[in-house]
Amino acid sequence: MKVFSLAVVLAPPNKQSTILSSASDLSSFSFYQRGSVGEFMAFFTRTIAERTPQGQRQSVQENSYTAHVYNRGGAEQLAAVIITDQEYPVRPAFSLLTKLLDDFIAKVPQSSYNTPAAISFPEINTYLQKYQDPRQADAIMKVQQELDETKIILHKTIESVLQRGEKINDLVDRSTALSAQSKMFYKTAKKQNSCCLIM
């Protein structure tokens, strides 16, 4: 079980999202892949945060990754996203996202959301390290029963989150935020994963 990325995102409805604070652990990737993987994780984070309605939680699987997102909405218009491997349990992931948003709102003034570079929230790195073990998040779950009251929508692929007719490949091709190297990494990984399908 592995947590690759954790982020707090400003996600106003029908507008482009902005990552306010993030942390990642890409040590399982080769040194030369880390830049491309990091860019793709940021792109994936922004995309699913924008496409998750306010007040909802959902899980999205793409290749060997699962992204869990909680778009709290409200006055702050914040969402939290965690990208893990597929083995990471759902309940602790959402518990962590709730705790992360509570902590972020308590420590970072809303007036600083306009300048993400000036936001200092080092606690996100602590969360990333501490919750590599999902049993840490389970203790929080006993206190928070909010998850039982909230509907979790599990989408098997990111394609089901995207708007009708939109394909992830088209989004990657159109994205100005991704470098050519990141696009090539995505296409190569997708091609290699599809060639070895066992029936």
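Visitor: Where do I start? How many helices and strands are in the protein?
Guide: Start with the elements and their order. This predicted model has 7 helices and 6 strands. Along the sequence, the pattern is β-β-α-β-β-β-α-α-α-α-β-α-α.

Visitor: What share of the 199 residues is buried?
Guide: Buried means under 20% relative accessible area. Here, buried residues make up 46% of the 199 residues. For the surface, look at the area and at the atoms that supply it. The protein exposes about 10500 Å². Carbon and sulfur atoms supply 51% of that area.

Visitor: How do I read contacts against the sequence? What percentage join residues at least 24 apart?
Guide: Take the contacts between residues at least 6 apart in sequence. In this protein, 61% of them join residues at least 24 apart.

Visitor: Now the strands. Which way do S3 and S4 run, parallel or antiparallel?
Guide: Look at the bridges. S3 and S4 run antiparallel, joined by 7 bridges.

Visitor: Which strands does S5 pair with?
Guide: S4 and S5 are antiparallel, with 8 bridges. S1 and S5 are also antiparallel, with 7 bridges.

Visitor: How many residues of S5 are buried?
Guide: Count them along the strand. In S5, 8 of the 8 residues are buried, so the strand is largely enclosed by the rest of the structure. In S3 the count is 5 of the 7 residues, so S3 too is largely enclosed.

Visitor: What should I look for in the hairpin of S3 and S4?
Guide: Check the number of residues between the strands, then phi. This hairpin has 2 residues between the strands, and Asn-63 takes a positive phi near 55 degrees. Asn-63 is a residue other than glycine. With a relative accessibility of 32%, Asn-63 counts as partly exposed.

Visitor: And in the hairpin of S4 and S5, which residue takes a positive phi near 70 degrees?
Guide: That is Gly-74; the hairpin has 4 residues between its strands. Look also at Gln-77, in the loop between S4 and S5. Its phi is positive too, near 55 degrees, and Gln-77 is not a glycine. Gln-77 is partly exposed, at 27% relative accessible area.

Visitor: How do I read a nonpolar core? Which residues have the most contacts inside the largest one?
Guide: In soluble globular proteins, nonpolar side chains tend to be buried together. The largest nonpolar core here has 26 residues. Those with the most contacts inside it are Leu-6, Leu-78, Leu-100, Phe-104, Tyr-113 and Phe-121. S1, S2, S5, H2 and H3 each give two or more residues to this core. H2 gives the largest share, 7 residues. Apart from this core lies another, of 18 residues, including Leu-26, Ala-49, Val-60 and Tyr-65.

Visitor: Take Phe-121. What does Phe-121 touch?
Guide: Leave out residues up to four places away in sequence. Phe-121 then touches Ser-21, Leu-100, Asp-103, Phe-104, Lys-107, Val-108 and Tyr-127.

Visitor: Tyr-127 is in H3. Which residues of H3 are buried?
Guide: Ile-124, Tyr-127 and Leu-128 are buried in H3. Look down the helix axis. The buried residues fall within an arc of 100 degrees, so they line one face of H3. They pack against S1, S2 and H2.

Visitor: Is Arg-57 buried or exposed?
Guide: Arg-57, in S3, is buried, with a relative accessible area of 1%. The side chains of Arg-57 and Thr-98 are joined by a polar contact of 3.2 Å.

Visitor: One more residue. Where is Pro-109?
Guide: Pro-109 sits in the loop between H2 and H3. Pro-109 is partly exposed, at 48% relative accessible area. Then compare sequence with space. Pro-109 and Glu-76 are 33 residues apart along the chain, and their C-alpha atoms are 9.9 Å apart.

Terms used: Residues numbered from 1 in each chain as written. Predicted model: local features only at pLDDT ≥ 70, side-chain atom pairs only at ≥ 80, totals over all residues. Heavy atoms only, no water. Buried < 20%, exposed > 50% of the residue type's maximum accessible area, 1.4 Å probe, protein only. Arc of directions from axis to C-beta. Contact = heavy atoms within 4.5 Å. Polar contact = N/O pair within 3.5 Å; in protein donor to acceptor, adjacent residues only side chain to side chain. Areas by Shrake-Rupley, 256 points an atom, 1.4 Å probe, with all protein chains shown as cover. Core = buried A, V, L, I, M, F, W, Y, C linked by side-chain atoms within 4.5 Å. Pairing = 2+ DSSP bridges.
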